[in-house]
Amino acid sequence: MSGPEGVELTGPLHERYDEILTPEALGFLAALQREAGTRRDELLSRRAERQEEITRGGTLDFLPDTAGVRHDDSWRVAAPAPGLEDRRVEITGPTDRKMTINALNSGAKVWLADFEDANTPLWENMVGGQLNLRDALDRTIDFETGGKSYRLKPDEELATIVVRPRGWHLDEKHVLVDGTRMSGSLFDFGLYFFHCARRQLAKGKGPYFYLPKMESHLEARLWNDVFNLAQDLLEIPRGTIRATVLIETIPAAFEMEEILYELRDHSAGLNAGRWDYLFSVIKKFRARGRQFLLPERNAITMTAPFMRAYTELLVRTCHKRGAHAIGGMAAFIPSRRDEQVNKAAFEKVRTDKTRESGDGFDGSWVAHPDLVPICREIFDGVLGDRPNQIERLREDVSVSASDLLAVDKTPGEITEAGLRGNISVGLQYIATWLGGNGAVAIFNLMEDAATAEISRSQIWQWLHNDVHLAEGQKVTTELVERIIEEELGRIRASYGDAFDEKRFAEAVSLFKEVALADDYADFLTLPAYERMP
């Protein structure tokens with residue numbers, strides 16, 4: 001289908017898609033792409049250059065050229081926008097119809113409506129999710145399944161919607177602008193802003209966003225320019241948009257203040273995206289030997305010195321500039337069968353949220369509605385009637401570059417069980433992702449793309465750094481391939497009739513490609529997307 005001049009849709013047009021993919025909306029997307037597309041490509045090339053510098057032995061440090069921004073104590077970000085003053089509990093999840101209703105009804109203050117890591121970029125998900133958000137704002141959304149009906153509570157009880165578009169590195173292959181795929185970031189942002197900005201303003205809130213995967217303040221500057229252009233095109237005042245940036249790459253950890261500065265009129269703070277942060281640490285220093293070798297995924301806790309440095313610096317930076325600091329994900333999915341599992345997991349969630357609230361975070365994430373009361377209780381105990389604790393400046397915190405890079409001080413082992421866990425989680429997640437679902441409950445945890453990225457990246461790093469397991473055997477391609485077959489057999493047995501032979505064959509092929517190949521794939525979602533219709 002052809003849209004406005006220079007715009008071509010290659011995805012199918014299902015029922016009601018014409019309500020979202022209007023000529024006016026497509027023209028708006030094209031304007032964003034034409035203005036920002038070239039700079040986006042340049043910034044992605046700069047990422048690759050920076051990676052090459054690190055691989056050759058370079059390091060990361062606070063930028064000398066932007067020291068003036070960090071040392072200027074006079075600037076602050078914009079005051080919290082309506083609906084974002086109190087963010088003590090935020091729930092995350094994809095934008096399917098059931099999740100949209102459950103998240104808005106969950107009792108959380110904010111819903112991160114996710115077009116990124118908890119989603120798969122299946123065309124039907126990307127357009128259908130936009131319809132669901134618009135229907136939710138119009139209060140025309142409902143859902144029926146298994147004899148159960150899902151409806152929205154009154155507006156005043158609903159969570160504030162904050163949309164997470166895809167990262168700068170991802171395309172939307174079903175929309176071509178002047179013959180080239182458009183940015184997935186701009187597609188997701190642009191459609192929501194075009195259709196829902198005024199709807200949100202009419203409700204006394206606004207168009208709010210979470211920005212993922214950034215690696216530099218220059219990428220934040222591009223987002224800020226996109227925001228200004230979008231607001232100007234729709235004649236909405238500049239500063240109406242608010243965005244929270246996920247600090248989920250290690251280069252971004254060295255540019256937190258600069259990122260806030262670039263977005264200061266549109267900023268809603270920073271978030272500690274800790275699972276992707278671990279993925280980024282592995283990815284950036286994957287070929288640098290044991291100095292940057294982490295233990296297996298489940299052994300890494302937030303008390304590891306380099307993670308403490310990262311989170312404390314984030315709180316210090318945000319509160320210094322009048323911004324919210326939002327904590328990380330509690331990914332536990334309660335069991336309906338095993339109360340002992342729940343008891344142990346709930347205690348871990350309490351410990352995690354107690355640490356975050358005590359460190360000064362203004363709120364935190366959960367993946368399941370059953371965790372909302374626990375998180376709220378912990379933050380209520382610290383905040384009381386206050387909406388946040390931005391006034392707590394954490395001037396006691398002092399973090400150096402070496403503190404952020406102290407990966408080798410992380411306690412823990414690399415065991416056969418850890419290797420098997422990475423393989424099992426990776427295979428199950430990829431198989432489900434290829435089927436169109438990006439938020440997958442595995443072993444009572446809500447896994448998204450970040451945990452799959454950690455799993456395959458650790459295996460790649462272990463293979464290329466002569467790692468031996470705690471039991472003695474060396475991690476080799478042959479060992480990994482043998483365990484893949486063994487774990488696949490276990491998965492087949494546990495799934496029973498639900499096991500999809502074709503889908504898991506695709507998952508095994510992709511997993512081997514991103515974990516065992518000599519050349520490291522920056523994101524497993526890139527080759528995975530090409531396997532998707």
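Start by selecting Arg420 and Glu487: they form a salt bridge, with the closest N and O atoms 2.9 Å apart (a side-chain nitrogen of Lys or Arg within 4 Å of a carboxyl oxygen of Asp or Glu). The pair links distant parts of the chain, 67 residues apart, with Arg420 in helix α15 (residues 416–434) and Glu487 in helix α17 (residues 477–495). Helices (H or I, at least four residues) and strands (E, at least two) are DSSP runs, numbered from the N terminus.

Before you go on: this is a predicted model, where local features need pLDDT of at least 70 and side-chain atom pairs count only at pLDDT 80 or more, while totals for chains, interfaces and linings use all residues. Residues are numbered from 1 along each chain as its sequence is written, and side-chain values use heavy atoms, leaving out hydrogens and water.

Next, pick Asp114 and Arg164, whose salt bridge has its closest N and O atoms 2.5 Å apart. Asp114 sits in strand β3 (residues 110–114) and Arg164 in strand β6 (residues 160–164), so the pair ties together parts 50 residues apart in sequence. Both Asp114 and Arg164 are buried (under 20% relative accessible area; exposed is over 50%, partly exposed in between, with a 1.4 Å probe and protein chains only).

Now select helix α10 (residues 274–284), where 10 of the 11 residues are buried, including Tyr277, Phe279 and Lys283.

Last stop: Leu314. Leaving aside neighbours within four places in sequence, Leu314 is in contact (heavy atoms within 4.5 Å) with Ile247, Met256, Leu270, Asn271, Ala272, Ala325 and Phe361.
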